[in-house]
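Hello,

Here is the structure I promised to pass on to you. Have a look at it first, and then read my notes below.

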Amino acid sequence: MHSYEYLFTAVIIFAILTASAILVSRMPQPSLNVSEKEQLKTAAQKIMTQLTLNPGNPPDWGGNLTVDSTDLTAFGLAKYGEITRGAYILDPDKVQRLNENMPQNLYIPPDRVIELLNLGREYGIKLEFIPALIVTVTTETNPNSITVYVNVTSDRNMWPIANANVTARIFYLYNQQINKTPIITNSTDINGQCIITFNGVSSEDALLALVVDHYGIHVVKTYALNGALTQAFFLGNHLILNASLSIISNTAYQIIIAESDETYVIDYALCGLNLTDSLSDPSYSLYEINYTEPSAVALLAVVEGEPNLAVACKNVPSCYSSISGEASSPFIYMLERSVEIGGSSYTLRLKIWRMSW
């Protein structure tokens, strides 16, 4: 008799388990999707807060070249020391270190960021830094002048932006000296375009610095006219240069762009350089700057050999991702914040997805 009771009980349990499995499999997919997206939403909000409001630890890790990825105990991109009204101001040095073209010991790899954000292997992320205004520049060099064609469009739909104020200046090399043109201003037309001509300049060993302002939305752009200009890195109070090059007179010029009385100042400031211990990468030399202007966006230095001009700009990478290419997960949550990086307005776009369900 007892054996029948045990058998009957086993049949009932099996039936309950089978029915439960069938019910779960037939649960409406939208309900599952909502739950999954809510999890991604919560994770995205926490990560965005960490990125934009936390400087990380050490808090000065962006410009501190003694700190590599293994020294970080917390990850954040906020500018260290900014007060509350400066929320969502990111440190351009920290953002630069997300650029894979940086010297290897200064680059912060995505897998380390995933680890610092406590995401384990469950999530993938992608950061996109989108300028609030898309500014494209082309130049034309004439016998004694340089003509600059500026095109400004919306970051959302690529529509032309009319009545955007453009302030520009060229810094150029002549007789082993860095010179500057007058500041020229203009406004974009209905097609989002404007033309600026700099007379008295014929050298292509030059840097164009400009700022575009459209009703308080501003974008700073630096553009090397000669594609063969020596590329370097401007990080914190250091200039990082190819080790095969030598800077003449151990001096450089900081290119400064700052707002003053509803106008923009574009100028340079001479600074001294001291050659310090090399980075762990022997292909680069490291120069310490005796003083770094807070609004400096680039460095120019005269070097021996060809080309004679070294240009180091604070370049913001367009994207930074834990995987190459686009994520293929069916569930991706996207979150955006308006931020400021080095005097320019950006949209920081965060994409997050589950690597597996």
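**What I found**

Let's start with a pair of strands: S20 (residues 332-341) and S21 (residues 344-354) run antiparallel and are joined by 10 bridges. Strands here are DSSP runs of E with at least two residues, helices are runs of H or I with at least four, and both are numbered from the N terminus. Within this pair, valine 339 sits opposite tyrosine 346 of S21.

Please keep in mind that this is a predicted model, where local features need pLDDT of at least 70 and side-chain atom pairs count only at pLDDT 80 or more, while totals for chains, interfaces and linings use all residues. Residues are numbered from 1 along each chain as its sequence is written, and side-chain values use heavy atoms, leaving out hydrogens and water.

Both strands belong to an open sheet of five strands with mixed pairing, in the order S1-S20-S21-S2-S19. Strands pair if DSSP finds at least two bridges between them. Which strands stand at the edges? They are S1 (89-90) and S19 (319-321); each has a single partner strand, so one side of each lacks a neighbour in the sheet.

Next, asparagine 99 lies in the loop between helix H3 (92-96) and helix H4 (110-116). With a relative accessible area of 18%, asparagine 99 is buried (under 20%; exposed is over 50% and partly exposed in between, using a 1.4 Å probe and protein chains only). Beyond its neighbours within four places in sequence, asparagine 99 is in contact (heavy atoms within 4.5 Å) with Tyr107 and Pro317.

Best wishes
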